[in-house]
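Here are some notes to read beside the structure. Take the points in order, and find each residue as it comes up.

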Amino acid sequence: MPLLGRRLRQLVLGALLGTVAAHVCAAPASAAPSLEYAVKANYLYKFAPFVEWPPRLFAQPTTPLSICVVGEDPFGGALDDAVRGQTFNGRPIIVRRLAAVEPGSPCNVLFVNRPTGQSPAEALKAVAGEPVLTVTDGGRGGDVGIIQFVMEDGHVRFDIDEAAARASGLSISSKLLSLAVSHRRTGA
Amino acid sequence: MTSSGRRGATGVVFAASAVLFAAQAYATQAIADQQPDLSKLSIEELGDVQVTSVSKRPEALGQAASSIYVITHDEIARSGQTRIPEILRLAPNLEVYQVGASQYVITARGFSGAQQAQNFSNKLLVMIDGRSVYTPLYSGVYWDMQDVPVQDIERIEVISGPGATLWGANAVNGVINIITRKSSDTQGAYAEASAGNLESRIALRYGGKLSDTLSYRVYAQAYRDGDTQTAGGASSQDRWSQAQGGFRLDWTPSPADLLTLQGDAESGEEAQVQAPAERVDGENLTARWTHSGTDGSTLQLQTYFDRSVRGGEVDGSGFSVNTFDVELQRGFSLGDRNAVLWGGGFRSSRYVIDGTPTLQFAPQNGVLTLGDAFAQDTLTLTRALKLTLGVKVEDDPYAGVSVLPDIRVSWMVGDHATVWAAVSQAVRSPTPFDRDVVEYLGPQRFLIGGPDFETEKLTAYEAGTRLQPSSRLSLSVSAFYNVYDDLRSIELAPAGFLPLQWGNGMDGRTYGFEAWGELELTSWWRLSPSMTYLQEKFTFKPGSSGLLGTPEAADDPKYQASLKSSMDIGKTWGRAWLLDLQLRYVSDLPDPHVPSYVELNGRLAWSLSDRLTLALTGRNLLHERHVEYEQGAYIPRSVLAVIQCRF
């Protein structure tokens, strides 16, 4: 017991130092992402041309394509790098980072990754029926978006839930469907 | 001994740094021209970029042709368990027995051992971030020396069945692969403190960045666990405490390269009945370079140093093992259909054993060297059908060369089912305990190592299926038929009776199945049932003494079952309460008899904010105390209050 008591005191001191260090060193630095996430980041904006969006979404010629990341951002700057200088049908592409989504959130492509304020299923539910291309990463059960990234032999591939896309008022091109590892035509 | 060990460790640090710098120089040189501009790739080409860090199991979990269960970070965090053996109870394809406060026996598909025959569970390969941690002295695992900061674990892959071809030596009945998060995924400060009727723990971690491409974390933790009980209700006097610290440094000089340097040091003290405490100490340092080429090729070079020391202070008995290991793996595609993986490694373990008057080793020190080379080809016959052929050649320190083939096939039936089958061989190599042990009964030599003790051999036949009939339901079923040859047995002296010696006088057949599923009942409630069934039949070969009967081989339950429940209560009105429960049933152990038991672990957690979580964790809640293993301690109920902060 005295031994542990001594250790505890040392560790509490360590915690205080850690706190100070955390505040001193808190300058945000974007990490170099893994190649995996660099590829996923590029997919996110490259999906858009293969989706038939309701015309009302892009009524103005300058309306940007909005890619939202809800929850932790696993891209570490790779998404911003990927979309920099890219356009979608001549429109700019912007990246938004959200803690949680709600119906009406200004997102065209929504990447759901461990939202802090809600569960992935809730984030997906919040935009269900809206023309939002939801993308998930390794989700399971009800946490799967219209497009789900899967790893296959060390490559980033994806599944497409065509029924969910249709329910959202989106039509996925047959070319994209043919690239999917699997796609579901009817809801499961 | 200690100072030479330190010198050794310093040498390894220098060697590792040199390897790191050499690798980096090569990597920047080689990669500068190949760095892909992903934005220029078409959507088809994106899918052809090889991205995984080299793993020996690159395929998607759904297609793996083996019985694999993955304990995720989330499952670990929600279980509230902080020690590796207790976390491993989450894997349905393992047997986990708590034997004492710090002592555990863990195995897969039988062979939990038999104390009276000195047969200790020894057919598992356990790795922490690519570092093999089973002891070369007897092929078992000192679970009290394998702590990992749980908040930094990415996942634990648990494979039941042989994995010898690819995973390395001793992967006979299973492989446990503990993988920690990259330091870039563990940024910021984390602190956890807990206290309860039996144990208390404190853990701290800080992760930061030195530059855009260089991230790190450091951690420290201390743990204290109280006494278990004897059958009579007295204290077993096996309380223990342990402190551990470590770091991990990850450098990505380019998106295709990852260089990792990581290390840990731990020191613990375990009380003993009527004797001074036993000290357990360990240090390790690992350097790893992983490169992913744009052509889909992969390269991994890894080296590590690991030192384990145990000792009682009163009689001077104990041991030290210093292991140095280097391995290389290369993967590439050959045409459209072949994915080739090859590699090899070399390991050297220098050991010193200080025996007791009744337990000695001759020789008491030495160097064990282990070399291996392997190659595997995964042949994509059709999009749905894959055939994997592999072979490994292993040169172990005592018995020489073994050739271990492995054939696996997996077939995706539609979108929602995978069927797989495999035939493979694996061996457990002789160790100093098999060859060199000398035990005394008074002045009489009682048991000695078998001078001709050979490898224990397994040929395993397995088949299984994974189904996902709906997005809310998944199932996995695996069946196996294992044929063992040359299992260790106790034999008589060639002329006379004593000393007894180890021989290879037993054969065995085991069969059974493992099944588990996951059902998402609602968006806030998930249930995961599982069950295992095991039959073991052992026979002595002609000429064997059959001295202790076939129970000397194993003492395993026929059935195990578990039901996990994971709930987010009250999600609709704010922050949810997380309630996670695991009920487990283990049928009785036949001989020596240990009664069946049912127990419950659980955690109730509430997040006050993104930074602060309060939790209550309980272990073995159903009974005041229970026993899990032959001559094992009675384990009291444990309840723990936990506070976790992130800032």
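1. **Contacts in chain A.** Two residues are in contact when they have heavy atoms within 4.5 Å. Take the contacts in chain A between residues at least 6 apart in sequence: 60% of them join residues at least 24 apart.

2. **Ground rules.** This is a predicted model, in which local features need pLDDT of at least 70 and side-chain atom pairs count only at pLDDT 80 or more, while totals for chains, interfaces and linings use all residues. Residues are numbered from 1 along each chain as its sequence is written, chains are lettered from A and ligands numbered from 1 in the order in which they are written, and side-chain values use heavy atoms, with hydrogens and water left out.

3. **Chain A in outline.** Chain A has 6 helices and 10 strands. Both are DSSP runs, numbered from the N terminus: helices are H or I with at least four residues, strands are E with at least two. Of its 188 residues, 49% count as buried. Buried means under 20% relative accessible area, exposed means over 50%, and partly exposed lies in between (1.4 Å probe, protein chains only). The accessible surface of chain A is about 8,500 Å², and 57% of that belongs to carbon and sulfur atoms. These areas come from the Shrake-Rupley method with a 1.4 Å probe; for residues, only the protein chains shown count as cover.

4. **The cores.** A nonpolar core is a set of buried Ala, Val, Leu, Ile, Met, Phe, Trp, Tyr and Cys residues joined through side-chain atoms within 4.5 Å. The largest one has 43 residues, and Trp53(A) and Leu133(A) touch the most other members. Helix α2 (residues 35–46) of chain A gives the most to this core, with 8 residues. A second, separate core has 42 residues, including Ile68(B) and Val158(B). In soluble globular proteins, nonpolar side chains tend to be buried together.

5. **Trp53(A).** What does Trp53(A) touch, not counting residues up to four places away in sequence? Its partners include Phe58(A), Phe88(A), Asn108(A), Leu133(A) and Leu170(A).

6. The structure holds 12 cavities of 30 Å³ or more. A cavity here is a set of points on a 1 Å grid over the protein atoms alone, where a 1.4 Å probe fits but cannot get out; lining residues have an atom within 4 Å of a point. Points are joined across faces, edges and corners, and the volume is the space filled by probe spheres set on them.

7. **Gln560(B).** This residue lies in strand β30 (residues 559–569) of chain B. Is Gln560(B) buried or exposed? Gln560(B) counts as buried because its relative accessibility is 13%. Its side chain reaches the backbone oxygen of Leu94(B) at 3.1 Å. Gln560(B) also touches Tyr585(B) and Val586(B), among others.

8. **Trp420(B).** Look in strand β23 (residues 417–428) of chain B. Trp420(B) has a relative accessible area of 2%, so it is buried. Its contacts beyond four places in sequence include Ala64(B), Val409(B), Glu462(B) and Arg466(B). Trp420(B) and Leu385(B) are 35 residues apart in sequence, and 9.6 Å apart in space, C-alpha to C-alpha.

9. **Backbone points to check.** Most residues other than glycine have a negative phi, and most peptide bonds are trans. Yet a cis peptide bond joins Ala362(B) and Pro363(B), with omega about 0°. Pro363(B) sits in the loop between β19 (359–361) and β20 (365–380) of chain B. Another cis bond joins Leu498(B) and Pro499(B), with omega about -5°. Arg109(B) is not a glycine, but has a positive phi of about 55°. Arg109(B) counts as buried, at 4% relative accessibility. Asn620(B) also has a positive phi, near 55°. Asn620(B) is found in the loop between β33 (612–619) and β34 (625–627) of chain B.

10. **Arg646(B).** This residue is in strand β36 (residues 638–646) of chain B. At a relative accessible area of 46%, Arg646(B) is partly exposed. Arg646(B) is in contact with Asp610(B), among others.

Notes
Polar contact = N/O pair within 3.5 Å; in protein donor to acceptor, adjacent residues only side chain to side chain. 1 Å grid on protein atoms, 1.4 Å probe; cavity = no way out; pocket = protein on both sides within 12 Å on 5 of 7 lines; lining within 4 Å.
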